[in-house]
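Here are some notes to read alongside the model, written for someone meeting it for the first time. Please keep the structure open as you go through the points.

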Amino acid sequence: MPRYNAKICVYYDGACPKCIKDRQTYEKLAGKTGVDICWIDITGRERQLRELGIDPHKALTELHVRDEKGTILAEIDAYILLMRKVPLLRPIAGFAKADAYKRQEGLYRPAVSPRPIAVS
């Protein structure tokens, strides 16, 4: 996978129309601060994902973000990090970080509706 100098890298499914739309929304909301976010399309990159410690199947069903230190975050933690990079979403990130919200991942799971996955 290409290396980027951005502060965080978001791994997204470029074959998923909803994922592409979500990326475009984040980019629009981020504005100029979006330069601190790189977006990496995971389509066809199973080997590279495994090298990063990301299960390719989970990469299609959960958001994964690499932070500034190279740590891979998934699901709610990944969304919180991404929201912190978008000024308009920072207040939501603070709310999402609350333990009470994290325990209610039932709010998160239905929002993540992956495309059908071909098992290889």
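1. Let us start with the whole chain. Buried residues (under 20% relative accessible area with a 1.4 Å probe, counting protein chains only; exposed is over 50% and partly exposed in between) make up 34% of the 120 residues in the protein chain. This is a predicted model, in which local features need pLDDT of at least 70 and side-chain atom pairs count only at pLDDT 80 or more, while totals for chains, interfaces and linings use all residues. Residues are numbered from 1 along each chain as its sequence is written, and side-chain values use heavy atoms, with hydrogens and water left out.

2. Next, the elements. The protein chain holds 6 helices and 4 strands; here helices (H or I, at least four residues) and strands (E, at least two) are DSSP runs numbered from the N terminus. Read from that end, their order is β-α-β-α-α-β-β-α-α-α. For contacts (heavy atoms within 4.5 Å) between residues at least 6 apart in sequence, 64% join residues at least 24 apart.

3. With β2 it pairs in the parallel sense over 5 bridges, and with β3 (residues 64-66) it runs antiparallel, joined by 3 bridges. V10 stands opposite W39 in β2 and also opposite V65 in β3. C9 has C38 as its bridge partner in β2. Together, β1, α1 and β2 form a right-handed β-α-β unit, where right-handed means that, with the strands pointing away from the viewer, the path from the first strand over the helix to the second runs clockwise.

4. Is β1 buried or exposed? It is mostly covered, with 5 of its 5 residues buried. I8, V10 and Y12 are buried on one side, and C9 and Y11 are buried on the other, so both faces of the strand are covered. In a regular strand the side chains alternate between the two faces of the sheet.

5. Which residues have the most contacts inside the largest nonpolar core? They are I8, V10, Y26, I37, W39, V65 and L82, in a core of 18 residues. A nonpolar core is a set of buried Ala, Val, Leu, Ile, Met, Phe, Trp, Tyr and Cys residues joined through side-chain atoms within 4.5 Å. At least two core residues come from each of β1 (8-12), α1 (17-30), β2 (37-41) and α4 (75-84), and α4 gives the most, with 6 residues. Leaving aside residues up to four places away in sequence, W39 touches V10, Y12, R23, Y26, E27 and L82. Another core, of 9 residues, lies apart from this one and includes C9, I40, A59 and L60.

6. E75 counts as buried because its relative accessible area is 16%. Between E75 and T61, 14 residues apart in sequence, the C-alpha to C-alpha distance is 9.0 Å.

7. Finally, please look at A93 in helix α5 (residues 90-97). Why is A93 called buried? Its relative accessibility is 1%, so it counts as buried. Not counting residues up to four places away in sequence, A93 touches I80, M83 and R84. Its C-alpha atom is separated by 7.8 Å from that of Y79, 14 residues apart along the chain.

Notes. Two strands pair if DSSP finds at least two bridges between them.
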